[in-house]
Structures are given as C-alpha cells and as structure tokens.
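Please read them beside the coordinates.

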Amino acid sequence: TLEFSAPKRCSSCHRMDTSANLQSTRMKKEESFLGKLGGTLIRKKKSKEVSDLHEEGRNAINAPLLPLGTEIYPEDTLLEENAERMMLDPTSRENLKFSDLLKVLIEWINSELEEDRIIVKDLEEDCYDGQVLQKLFEKLSGRKLNVAEVTQSEIGQKQKLTTVLEAVNHLLRPHGWTIEWSVDAIHSKNLVAIVYLLVALAMHFQAPIRLPEHVSVQVVVVKKREGILQTAVMTKELTSTTEDAFDTLLDHAPDKLNVVKSSLITFVNKHLNKLNLEVTELESQFADGVYLILLMGLLEDYFVPLYNFFLTPENFEQKVHNVAFAFELMQDGGLKKPKARPEDVVNLNLKSTLRVLYNLFTNYKNSD
C-alpha cells in the first residue's frame, strides 16, 4: 500500500507565507478603505456631473430663445440673482436705418460741441464715462452741472453719470418720457440705452436734425434666476414717426396744404422778382439750391459771390453742395439749422422743402 504524506515545509517558508498573508490582508484593508474613499469621490463627481448636466439641460431649454451668432461673454454671467443685462443683437448693427440713426446722432453731437473741441466717433466708447453727455446736456439746457471736469476712475465716472442722468430725468420725466437708460447701462457701454437717451434729448430740445423713422433693433436680454442664465429676445423701437404739421397737412388736409403752398409761393416771389425770377413749383425749383441761395442773399440784403456755389449744377453732388451752402447762410442769419437734410431737398421731398421755406417765411415774412 502506498501512503502519501504532505510534504514538510521549512520554517523559513512558513514565515514567508505568514508575512505574505499579513501583507495581503493589509493591502485588502487599504484597498477597501481606498475603495470606499474612491467610491465617495466618484459618487460626488457623478453627482456634480448629473447636476451640471441638469443645469445644462435647463439652459438648453432656454437656448432656442438666443439668436444664432449671439455670444454670451463671461462678464454677462457675473450677474446678481434676479439681475438682468441687455445686449444688442449683432444682426441689428447691420441694419441700415440703425446705422443711419447712429450717424445722424454723432453728427448732431459734434455740431453741438464743436466749440468745446469735442469730436465723437463712437457712441459706445465716447459716451460711457459721462463727459460728452455732461457737455451736451449743458449746451442744450444752458445749465451748468456741478461735476468734476475730468474723471478717470470708475467711481468718479459713475458719480458724474449719476449727476447728469438725474438732471436729464428730472427734465424729461414730467414730459412723459419713459426712462430707458441707467447709470450702469450707460457705463457698461449699452448702445441701446445710449441711443434711447440721445434720441430723447434730440427730440425734447427739437434738434435741427431729421431722425430716421421707425428704427427698431433686436436685443438679447440675459437674466439670472436661481443661479441660471435665461435669455430672451425683444424688439426695441428707438424712433417712431416724426410727423409734424406738414405731415398732417399732406396726409389729412391736402386742401389746406394748397393754401400753405400758395402763401409760400407768394412770399418767395415777392423777393425773387427783384432778380426777374419767378417760382411756380415749390417741389422742383428749389431742388438744385440756386434759388435758395439767391433768396437768402435777398432776405439778408447781400450779394452771394458766384464762386461760392454752382449757378448751373450738373449733378447730384453739386446740387447737394448748393443746398448745404444755403443752409449755412440761414444759420449765419441767425436761423436754426434746418431739420431737413440737403439730400432730401435735392430728391424733391416736398415736406423737407416746405419745412425749409416755412422757416424762412416765419422769420422774414415782414421783410421788404
């Protein structure tokens, strides 16, 4: 009978096994601890990922409201709870009527502040610190504001803006103007707020400019609710119609318009007849600016040198030059700058021509 017995193990091998067992036990305990710790970290990470995913999902719900191509910059996310920020939709910057409005406002400001040697090129960059707005308000209102002349710090700029806007709001609010601007909006270079303010000032002080009618822009409104940014798109109307007495006459009382035209023709011929000239059509005979220039010379009793204008203009540019020169003569005579543009008169715009002639009529109707 064969008997088998387990092989004997040496004591050194036994010690090695014991040591290995202890090390294995220790490693298992460490792995168990790390596993628990790792599991906690993983669960927290997954929980955060789920939370982020949930927030991303909620933002995605609002995302369709955001126009394509509109960027939300980092500073736009730094909003207080329930706060909001309004930004111009980039596509609106390409709107020709909006661009025309900006151009008209810039030219108007530069004309008003010419004596102060202030030149505005960009409304956002030149109006945000309050310096230009201060000078413009003082010029228009004839009122001096108690503010520092130069303010470099943000605090100083906002203090100046606060003083200026308080004066503006105090003046405009009683006349029914809706305040669509604020210190923070202006200082953050919000172009829509700046334009709203300038349009209100121009209309209140009856600026000698013609604002483009029915100018609207798209704005993106960013709000923070429960820590999440929400976006929406709104349409803002910056200008409506600039209908005046002549618009009303043209649209609603053509019979009375004929009476006004007849009175103006009588007025201008009273003076132009001295040069053996006669007007029968107001729409066309003043379009090249020649009769306007000669009329101003007669009204102010001086001779206009022929080298200052084109006696027989041959193209659109020469006609615009003549009408613009006539406008300069009117201002030299103490009249306000006509609201009509030279181009409108040249383009046979009846309302623009009537506005110019009626302005002359009210100032010189008693002249011989």
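1. Glu-112 is buried, its relative accessible area being 16%, where buried means under 20% relative accessible area, exposed over 50%, and partly exposed in between, with a 1.4 Å probe and protein chains only. The side chain of Glu-112 meets that of Lys-139 in a salt bridge, at 3.7 Å from N to O; the term stands for a side-chain nitrogen of Lys or Arg within 4 Å of a carboxyl oxygen of Asp or Glu. Lys-139 lies in helix α6 and Glu-112 in helix α4, so the pair ties together parts that are 27 residues apart in sequence. Lys-139, at 38% relative accessibility, counts as partly exposed.

2. A word on the basis of these values: this is a predicted model, in which local features need pLDDT of at least 70 and side-chain atom pairs count only at pLDDT 80 or more, while totals for chains, interfaces and linings use all residues. Residues are numbered from 1 along each chain as its sequence is written, and side-chain values use heavy atoms, with hydrogens and water left out.

3. The protein has 16 helices and three strands, taken as DSSP runs (helices H or I, at least four residues; strands E, at least two) and numbered from the N terminus. Of its 368 residues, 38% count as buried. Among contacts (heavy atoms within 4.5 Å) with a separation of 6 or more, 60% are between residues 24 or more positions apart.

4. A search of the whole structure finds nine salt bridges. One of them joins the side chains of Lys-189 and Glu-125, at 2.9 Å from N to O; this pair links distant parts of the chain, with Lys-189 in the loop between α8 and α9 and Glu-125 in helix α5, 64 residues apart. Lys-189 is partly exposed at a relative accessible area of 30%, and Glu-125 is partly exposed at 44%.

5. Lys-158 forms a salt bridge with Asp-184, the closest N and O atoms being 3.4 Å apart. Here too distant parts of the chain are linked, Lys-158 being in helix α7 and Asp-184 in helix α8, 26 residues apart. Salt bridges that share partners join Glu-154, Lys-158 and Asp-184 into one network.

6. Which residues touch the most other members of the largest nonpolar core? In this core of 51 residues they are Trp-108, Leu-123, Trp-181 and Val-195, a nonpolar core being a set of buried Ala, Val, Leu, Ile, Met, Phe, Trp, Tyr and Cys residues joined through side-chain atoms within 4.5 Å. The largest share of this core, 12 residues, comes from α9. Apart from it lies another core, of 36 residues, including Leu-257 and Val-345.

7. Trp-108 deserves a look of its own. Leaving aside its neighbours within four places in sequence, Trp-108 has contacts that include Leu-136, Leu-140, Leu-198, Leu-201 and Pro-208.

8. Of the 14 residues of α9, 12 are buried, so this helix is largely enclosed by the rest of the structure; among the buried ones are Leu-191, Val-195, Tyr-196 and Leu-201. At the N-terminal end, Asn-190 caps α9, with a side-chain oxygen 3.1 Å from the backbone nitrogen of Val-192. After α9 comes Gln-206, whose phi is positive, near 50 degrees.

Methods: Polar contact = N/O pair within 3.5 Å; in protein donor to acceptor, adjacent residues only side chain to side chain.
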